[in-house]
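Please examine the sequence and the model before reading the solutions.

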Amino acid sequence: MTKINHFMKKYLSQIAIISVLFCSMAVPAVTSASYTYNGRTFATYTEYVRYVKAYMEAWRIAHGIDEDTTSRSISVIENTSVSNRVEVDTRTATDVGATSVRLVGDIDFNRSDRARPWFDYGTSKYDLSERVILNVLKKSVDGNGNFNIKAQDLDSETKYYYRAAAIDEDGNISYGSIKSFTTGIDITKSDAVIDVVTSSATNIDENRATLRATISFNKEDVAYVWFEYGDDEDDLDKDTRTVVQHEDDGRNVEITIQGLRDEEKYYFRAVAEDDYGEKTYGVTKYFTTRRDIEDEKPIVTTGSATDVEVHNATISGYVDMNDYRNGITFLIYGEDRDELNDVRYEEQYDDIRERGDDLQKVLLDDDLDKYDEYEYTLEGLDLYTTHYYAIGVEYEDSEGNDVIKLGSIRSFRTANR
């Protein structure tokens, strides 16, 4: 009963104070005068009234008082000691999505026992007209530190400004600084004619990975495809090169990214644009790069044969030198698999002897230091014949010896007219 009486006395005293305040508000504004309230000075009467109204609203929120009650004009008693007041800081927002965000702040109760925090936000730093309110926090239960709440129903691809605030049991209000965030792209909304699906990454090494996507042309005949990627799921701040993919090229697109950090998680998604400039997005996926292994030997990969015709075929592959340099990369092909397999036992590219249709060689790169992809079209092949092929590299090993490393030997059969 004592606590209730104490609150009622304080409550009634505040009604008396606000009565005086409202009387002062009735006085016509004087443009040359300044107005002071709660330790703040305002140049104009309009600014003064706006602040007092906001201050009163915040106090009602903290004390759970309905705006429609007859005590709606309650004021607050100013605390002259700053060390007694609640204090808040605005922190960096997290979980920034297309239509939602988690707003974060820090609270220091000082000598206050409880406080009710909230966030004001909006699309202009001068008009933070939206608000999300948290429950009352108690110093004895919650202590000093972080508080946060999710704001939803935001517009995608929009910059928002926000600040943390709190009011304590004595009506003291603290505001944090104004910060900003930009909402992401809403991948569920697209006017593009085409569609794109993000596929899993492949060929993942300590410093590179191949990103893949599948296109649905939907009666269109061209798509412009690239990937957005980065080490922060909420900030895919890097773009790959753009591939112009025609329907005749097939539905699958692959782009290799390099210069990655080892043992790092990366996020990525496919983006496709149609001829009308409309974009469509795939879902975001991730991969983790491998650990950098000391003195790791080159990796040689032979790709699939494409565009196989009567006398032609296109061969692809890649070589990653890892910790070695000055690689000589090449392609071997022919109709005798054993002849190709024997190349593994040679030491240098120059030692490989061509043997007509059974074995031929093609120099692709005479000084590879890092990583590269290759594509080469073979011509003059025998029709309706099985041909074997492989990508290889010559390099100097850790003991100073020249060695040859071959990728897998693969095959294709030319068409029969």
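**Exercises on strand β26**

The protein chain contains 4 helices and 28 strands, where helices (H or I, at least four residues) and strands (E, at least two) are DSSP runs, numbered from the N terminus. This is a predicted model, in which local features need pLDDT of at least 70, side-chain atom pairs count only at pLDDT 80 or more, and totals for chains, interfaces and linings use all residues. Residues are numbered from 1 along each chain as its sequence is written, and side-chain values use heavy atoms, with hydrogens and water left out.

**Exercise 1.** Determine which strands pair with β26, given that two strands pair if DSSP finds at least two bridges between them.

*Solution.* 
Step 1. Strand β23 (residues 327-334) is antiparallel to β26, with 7 bridges; here I328 has E394 of β26 as its bridge partner.
Step 2. Strand β27 (residues 402-406) is joined to β26 by 5 bridges, also in the antiparallel sense, and Y395 stands opposite V403 of β27.
Step 3. Strand β28 (residues 410-413) runs antiparallel to β26 over 4 bridges, with R410 in β28 as the bridge partner of Y389.

**Exercise 2.** Explain why β26 is described as largely enclosed by the rest of the structure.

*Solution.* 
Step 1. Buried means under 20% relative accessible area (1.4 Å probe, protein chains only).
Step 2. In β26 (residues 386-396), 8 of the 11 residues are buried, so the strand is largely enclosed by the rest of the structure.
Step 3. For the protein chain, 43% of the 417 residues count as buried.

Key:
Buried means under 20% relative accessible area, exposed over 50%, partly exposed in between (1.4 Å probe, protein chains only). Two strands pair if DSSP finds at least two bridges between them.
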